[in-house]
Amino acid sequence: MTMGENSVIINSLTWPAIIRPILTQLERHDVVASQTLRAALLKAEQSQPGVAHDLVMGIIRKTELNNVNINEALLRLQGSVSETDLIEYRLNRSEDAFQELNKKSAALKRILSRIPDEITDRKTFLETIKEIASAIKKLLDAVNEVVGFIPGSSGKQAVEQRKKEFVKYSKKFSTTLKEYFKEGQANAVFVSALYLIHQTNQIMGTTKSKCE
């Protein structure tokens, strides 16, 4: 995982987990200000990817919260991100297969978000790892069910490719866990978990684009 890749992943998760909830809160007090700020940030992000992440890191530096681990913080937040803030990764189709995929993707992200709280307790963490493995399998099963609803071979291939990438990062996550028990590098686990969440979002986004 290169630094460039890491920046892309962190940035993609910063917007729905941090920026969008702030804008939603602002909208309750001033709709125009919220919409203006949202448009400006989206424009900046499109022309200079990474602006959202840089903004958050700049705020952290200004407040002298130097002990904040952005990877750990983002991972913790993934379990509490609302459906509204994840609208681009939420399937709207009413069929059971699509609703089940929504549930399985959310479940996996919730379990992964518990890692920072449980990683220091070996017994608890080992049980969590089993839950993660089970959640990964259930997510893949749900993806397989949805593929049958996707029209056209190109759409099916696009989702299948996302699934392959997800499996690849699942294996990397497993390898990272083994290294953690040898070397104790918790941050590497946080980063790998964020990659897995990003790949989950990629599956959902691609499925949504091919079915809706």
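The buried residues of helix H7 are Phe125, Thr128, Ile129, Ile132, Ala135, Ile136, Leu139, Leu140, Ala142, Val143, Val146 and Val147. Buried here means under 20% relative accessible area, exposed means over 50%, and partly exposed is in between, with a 1.4 Å probe and protein chains only. Helices are DSSP runs of H or I with at least four residues, strands are runs of E with at least two, and both are numbered from the N terminus.

A word on the source. This is a predicted model, in which local features need pLDDT of at least 70 and side-chain atom pairs count only at pLDDT 80 or more, while totals for chains, interfaces and linings use all residues. Residues are numbered from 1 along each chain as its sequence is written, and side-chain values use heavy atoms, with hydrogens and water left out.

Back to H7. What covers its buried residues? The cover includes H5, H6, H8 and H9. H7 has 26 residues, and from first C-alpha to last it reaches 37 Å, close to the expected 38 Å at 1.5 Å a residue. The expected span is 1.5 Å times one less than the number of residues in the helix.

Next, the core. A nonpolar core is a set of buried Ala, Val, Leu, Ile, Met, Phe, Trp, Tyr and Cys residues joined through side-chain atoms within 4.5 Å. The largest one has 55 residues, and Leu112, Ile115 and Phe173 have the most contacts inside it. At least two residues of this core come from each of H1 (3-29), H3 (51-62), H4 (70-77), H5, H7, H8 and H9. Contact means heavy atoms within 4.5 Å. Leaving aside neighbours within four places in sequence, Leu112 is in contact with Leu75, Ile132, Phe173, Ala193, Leu196 and Ile197.

Now H8. Its 31 residues should span 45 Å at 1.5 Å a residue, and the end C-alpha atoms are 45 Å apart, which agrees. Buried residues in H8 include Gly155, Val159, Lys163, Phe166 and Phe173. Just after H8, Gly184 takes a positive phi of about 75 degrees.

H9 (residues 186-211) holds Thr206. Thr206 is buried, with a relative accessible area of 12%. Not counting residues up to four places away in sequence, Thr206 touches Ala158, Val159 and Arg162.

Last, charges. Side chains of opposite charge can pair when their charged atoms come close. A salt bridge is a side-chain nitrogen of Lys or Arg within 4 Å of a carboxyl oxygen of Asp or Glu. How many salt bridges does the structure hold? There are ten.

One of them joins Lys163 and Glu160, with the closest N and O atoms 3.3 Å apart. The two residues are three apart in H8 (residues 153-183), about one helical turn. Lys163 is buried at 16% relative accessible area, whereas Glu160 is partly exposed at 26%.

Another salt bridge pairs Lys104 with Glu100, at 3.2 Å from N to O. Both lie in H5 (residues 96-113), four residues apart, about one turn of the helix. An α-helix has 3.6 residues a turn, so residues three or four places apart point the same way. Lys104 is partly exposed at 22%, and Glu100 is partly exposed at 32%.

Glu131 and Arg114 also form a salt bridge, at 3.1 Å from N to O. This pair links distant parts of the chain: Glu131 is in H7 (residues 122-147), and Arg114 is in the loop between H5 and H6 (115-118), 17 residues apart. Glu131 is partly exposed at 35% relative accessible area, and Arg114 is partly exposed at 27%.
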